[in-house]
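Here is a briefing on a structure. Look at the sequence and the 3D view, then work through the points below.

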Amino acid sequence: MNLFVVMKRTFDTEEKIVIDDGRVAEESAEFIINPYDEYAVEEAVQLKEQHGGEVTVVTIGDEEAEKELRTALAMGADKAVLINTEEDLEDGDAYTTAKALAEFFKDKEADLILAGNVAIDEGSGQVGPRLAEFLDIPAITTITNLEVDGSQVLIERDVEGDIEKIEATLPLLVTAQQGLNEPRYPSLPGIMKAKKKPLEELELDDLDLDGEEIEAKTKTVEVFLPPEKEAGRVLEGEIGAQVQELVSLLQKEAKVI
Amino acid sequence: MSKKVLVLGEINEGSLRNASFETIAAAKTIAENGEIVAILAGKAVRSLAQEMIHYGADRVVTVEHENLSHYTSDGYTQAITDVIEAEQPEGLVFAHTALGKELAPRLASKLETGLISDVTSIEKQGDDVQFTRPIYSGKAFEKKVITDGVIFATIRPNNIAPLEKDETRTGEVTSLDVEIKDLRTKIKELIRNTTDGVDLSEAKVIIAGGRGVKSEEGFEPLHELADVLGGAVGASRGACDAGYCDYALQIGQTGKVVTPDLYIACGISGAIQHLAGMSNSKTIVAINKDPEANIFNVADYGIVGDLFDVIPLLTQELKALKVGV
């Protein structure tokens, strides 16, 4: 199978957010593979192990993303591609990303493209379905199970807690939901091998694109932190009395019941 | 300038979802006295049209087709594209539900437009419409505008209040014939997990359990409390990782981000990733044995105690009062 994973480098989930000069400060933050993309990498590697083929991981970003691409290679991906937009793009959005990826995928004859269902930083969840539309292939989002049999694909999709069982055919794009699999930790031999695996760096020029063509269609005008939540009241007394007080507070003070 | 705005009425088990009425309220801010047109897609949906009008839609366009009986992104993309072509709207608002999350980006690509996802509030700023949305799962927020083309947004359920229902409102209901070609994906089966029918994204009350719940059976008292309050049950990553419940219930930076009116955290310590998923709830109650638990720092009300003592008492007390939400 010709397998591709679209991934993103994101803040570690442990990170607190600091705003500096109207932007989220990145200087001291730790970065990881977006957790949902990690499920996508794992699934692709498992499919390769079952059915043979090749896994290519692709990301859009700057040189810093090489570290996360190497991690994916250490997990078992065969090739990595960095579409480096540092020189050509100020502020892209999901439209920009999907457009550039569509150009990249045009001649790749991918059987299956996997991605995370959402990135934990921007949280828009747009790139997967947008890319599928540009490539004119079906997209199935938030999947929790995937079985491939020839060109037939059986999928389970999480729909707000319910499960849809879906039949589809390749080529196809899917986005991973938590529960799809348990991503492996890269082994030491895996990490050693990853250093020698091919990592191709492309610029928009190599895709016959320029920054203007894929200019963002949205703009961020302000970034701010939510008001700090003050610690509330810890009730006191005997448990039964606390419960009665809580009910009364919820009715009369918070007015939520 | 007034704008024509399209909204999508989402149907679940034969009824319109509350989130659909919220899209009408959101559209009102964008439309500025322009017309709000609701789309209803499905197999037989005409009977639901009046309700969209009662909640503020000016007109309803129905698209009925055998291939729309279940949502598929292929079927709905074709149907909604046809409506958009016929109506030529200047704005589009969908709910940020499982359906909206999958369909809206596809349509945005097809229309070559921008899209602002998971919006929690909308305001007019001069000629601009500004959309506020959480980033980093609610650890921060951003305000965004569409710079080019149709204004397109998906709104997070439970954040923008629907307009008051007015049963005297009337409006035109028309149908549009659409051609839905072969669907490339086929739904074989739908397995319902939410026993009480209240899903997390729309729930007004969420009772969430953490590692302190200790087992799958330990969730039972939480379900009983949820039933009394008409709420849904959620969980922390710790509880999911321990196998006490399904990952579909997970709330946090990975998992669902929720903003109910009332969030009751039971045996949840309050890791930063969990707080990201729930700390914007309107009222938070924490029940935990450990008085030092981080969850108390975001809770409006806290009870230090064993959840297996507290929850049944709370359920009993609420049952006696017959309170509703």
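Among contacts in chain A between residues at least 6 apart in sequence, 71% join residues at least 24 apart. Two residues are in contact if their C-beta atoms, placed from the backbone, lie within 7 Å. This is a predicted model, where local features need pLDDT of at least 70, side-chain atom pairs count only at pLDDT 80 or more, and totals for chains, interfaces and linings use all residues. Residues are numbered from 1 along each chain as its sequence is written, while chains are lettered from A and ligands numbered from 1 in the order in which they are written.

**Chain A**
- Chain A has 6 helices and 15 strands. Helices (H or I, at least four residues) and strands (E, at least two) are DSSP runs, numbered from the N terminus.
- Its C-alpha atoms fill a box of roughly 65 × 45 × 40 Å, taken along the principal axes.
- Of its 257 residues, 49% count as buried. Buried means that 20 or more other C-beta atoms lie within 10 Å of a residue's own, with C-beta atoms placed from the backbone.

**Nonpolar core**
- The largest nonpolar core holds 181 residues. Such a core is a set of buried Ala, Val, Leu, Ile, Met, Phe, Trp, Tyr and Cys residues joined through C-beta atoms within 7 Å.
- A:Val41 and B:Ala265 are among the residues that touch the most other members.
- Not counting residues up to four places away in sequence, A:Val41 touches several residues, including A:Val5, A:Ile33 and A:Pro183.

**Where the chains meet**
- The contact takes 84 residues from chain B and 71 residues from chain A.
- On the chain B side, helix 4 (residues 98–110) gives the largest share, 8 residues.
- That side divides into 36 nonpolar, 26 polar and 22 charged residues. Ala, Val, Leu, Ile, Met, Phe, Trp, Tyr, Cys and Pro count as nonpolar, Asp, Glu, Lys and Arg as charged, and the others, Gly among them, as polar.
- Strand 14 (residues 218–224) of chain A pairs with strand 10 (residues 140–146) of chain B, antiparallel, over 6 bridges. Strands pair if DSSP finds at least two bridges between them.
- A:Val223 has B:Glu142 as its bridge partner.

**Strands in chain B**
- Strand 4 (residues 36–42) and strand 5 (residues 59–64) of chain B run parallel, joined by 6 bridges.
- B:Ala41 stands opposite B:Val63.
- Strand 5 of chain B also runs parallel to strand 12 (residues 172–175) of chain B, with 4 bridges.
- There, B:Thr62 has B:Ser175 as its bridge partner.

Terms used
A residue is buried if 20 or more other C-beta atoms lie within 10 Å of its own, exposed if 12 or fewer, and partly exposed in between; C-beta atoms are placed from the backbone.
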